[in-house]
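Could you look over this one with me? I've jotted down some notes to go with the picture.

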Amino acid sequence: MSTLNHQLLVIAKEPRPGRVKTRLTPPYSRVEAAALAEAALRDSVRAVAAAPATQRVLALDGLPGRWLPDGFVVIPQRGAGLDERLAAAFADAHRLRPDPVVLIGMDTPQVTPALLREAGQALERHDAVYGPAADGGFWLLGLRRPDPALLLGVPMSHPETGKQQLDRLERAGLTVHHLPELIDVDTAADATAVAAAAPGSCFAAALRELGR
């Protein structure tokens, strides 16, 4: 029987105009892009809240808002580049509670509690779990024993980010469980595709309200 021994970690930015989803402008305004970012973040934290976990952590750049459900430990992001912030988020969550850590961002509002459950359960049998993104990055990374060396120096926001991250895990001798590929919301075309894949999401509702 599966036992629950993993925590879930979300890394996100406060959805303020001009600071999030800048690649959506144009066609959307900065205020509209921020509204879509908030909806995506709301879906992400709701999926985490509905999935089994020993702890739920939000590593946040900014301040929490009404979009955050109860039950999350909020910690500040640390570091300059994204690789440093990811490594620090893993380390800080693991320091708070030394359980395996499953991390997602705020760009895949179509994520489901079932996918998060699969990721956590995979860490009972594997050292890492990896969810590839369609843009060449990754939407989920889980580590049984977080180590900054597994992330630091991996080039982020690059077409081969995912490949290089996966290579880093495999060169470290880790066994890796693979999850399905998801689309990160970066562009307007991404937004349309993700809303179609998750029509009942907050994100899809926000997109419909914008009339696109």
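Here are my points, taken one element or residue at a time.

1. Before anything else, keep in mind that this is a predicted model.

2. Let's start with helix α1, residues 30–50. How far apart should its ends be? In general, an α-helix has 3.6 residues a turn, so residues three or four places apart point the same way.

3. Leaving out residues up to four places away in sequence, Val48 touches Leu8, Val10, Arg56, Phe72, Ile104 and Leu116. Take Leu8: along the sequence it is 40 residues from Val48, yet their C-alpha atoms are 6.7 Å apart in space.

4. Helix α2 (82–96) passes the same kind of length check: 15 residues at 1.5 Å each should span 21 Å, and its end C-alpha atoms are 21 Å apart. Its buried residues include Asp83, Arg85 and Asp92 as well as Leu86 and Phe90. The buried residues of α2 pack against β1, β2, β3 (73–76), β4 and β6.

5. Now for strand β5, residues 128–132. Is it covered or open? Mostly covered, with five of its five residues buried. Ala128, Tyr130 and Pro132 point one way, while Val129 and Gly131 point the other way. On pairing, β5 and β6 run antiparallel over five bridges, and Gly131 has Leu140 of β6 as its bridge partner. Five residues lie between these two strands in the hairpin, where Gly136 has a positive phi near 100°. β5 also runs parallel to β7 (residues 176–178), joined by three bridges; here Tyr130 partners His178.

6. Have a look at the largest pocket too, with a volume of about 940 Å³. Of its 31 lining residues, Leu82, Asp107, Ser157, Asp184 and Asp186 are the closest to the centre. Which elements give two or more residues to the lining? They are β1, α2, β4 and β6. Sorted by class, the lining has 13 nonpolar, eight polar and ten charged residues.

7. Most residues other than glycine have a negative phi, and most peptide bonds are trans. The loop between β1 and α1 holds Pro26 and Pro27. A cis peptide bond joins Thr25 to Pro26, with omega about -10°, and another cis bond joins Pro26 to Pro27, with omega about 10°. Lys21, found in the loop between β1 and α1, has a positive phi of about 50°. Ser157, in the loop between β6 and α4 (161–171), also has a positive phi, near 55°. Are these two buried or exposed? Lys21 counts as buried at 15% relative accessibility, whereas Ser157 counts as exposed at 76%.

Key:
Residues numbered from 1 in each chain as written. Predicted model: local features only at pLDDT ≥ 70, side-chain atom pairs only at ≥ 80, totals over all residues. Heavy atoms only, no water. 1 Å grid on protein atoms, 1.4 Å probe; cavity = no way out; pocket = protein on both sides within 12 Å on 5 of 7 lines; lining within 4 Å. Points joined across faces, edges and corners; volume = space filled by probe spheres on them. Helix = DSSP H or I, 4+ residues; strand = E, 2+ residues; numbered from the N terminus. Nonpolar A, V, L, I, M, F, W, Y, C, P; charged D, E, K, R; others polar. Expected span 1.5 Å × (residues − 1). Buried < 20%, exposed > 50% of the residue type's maximum accessible area, 1.4 Å probe, protein only. Contact = heavy atoms within 4.5 Å. Pairing = 2+ DSSP bridges.
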